[in-house]
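Trainee: Hi! I'm new to this one. Could you walk me through it?
Mentor: Happy to, let's look together.

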Amino acid sequence: MAIDTTPIAISPETIPEKVRPLIDARKTPAERRMIVARAALPMPIEALVPCLAWLSRDPDEVVRSQARSSLENLPQGTLDSLLARTDL
């Protein structure tokens, strides 16, 4: 079964406020955005997934590609369990 990897639009409000400056391409160098794109910044999965989705549309090709790769390589079932939550 093929997975649709087309980036989706993410509202900035879904990103935790204190993480937003780290993923803002207008204000933050690509090297710093890559920390989040690599999923190297410790954060709860419900914060990480929207950040990676946001970065999957980053203007920098390397950041964009890394964010997509990080999303694709999340542990099996992570997205399913996140999507099944009703408290978000």
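Trainee: Which residues have the most contacts inside the largest nonpolar core?
Mentor: Met43, Cys51 and Leu55 do, in a core of 21 residues. A nonpolar core here is a set of buried Ala, Val, Leu, Ile, Met, Phe, Trp, Tyr and Cys residues joined through side-chain atoms within 4.5 Å. This is a predicted model, where local features need pLDDT of at least 70 and side-chain atom pairs count only at pLDDT 80 or more, while totals for chains, interfaces and linings use all residues. Residues are numbered from 1 along each chain as its sequence is written, and side-chain values use heavy atoms, with hydrogens and water left out.

Trainee: Which element gives the most to this core?
Mentor: Helix H3 (45-55), with seven residues. Helices are DSSP runs of H or I, at least four residues, numbered from the N terminus.

Trainee: And what does methionine 43 touch?
Mentor: Leaving out residues up to four places away in sequence, Met43 touches Val19, Val36, Leu48 and Cys51. Contact means heavy atoms within 4.5 Å.

Trainee: New topic: at what angle do H2 and H4 pack?
Mentor: About 5 degrees, with the axes of H2 (residues 30-37) and H4 (residues 61-72) 9 Å apart. That makes the two helices roughly parallel, a term for angles under 35 degrees.

Trainee: Which H2 residues make the contact?
Mentor: Ala30, Arg33, Met34 and Ala37, meeting Val62, Val63, Gln66, Ala67 and Ser70 of H4.

Trainee: Is serine 69 buried or partly exposed?
Mentor: Serine 69 is partly exposed, at 28% relative accessible area. Buried means under 20%, exposed over 50%, and partly exposed in between (1.4 Å probe, protein chains only).

Key: Axes fitted to C-alpha atoms, helices over the stretch in contact; angles between N-to-C directions. Parallel < 35°, antiparallel > 145°, perpendicular 65-115°, else oblique.
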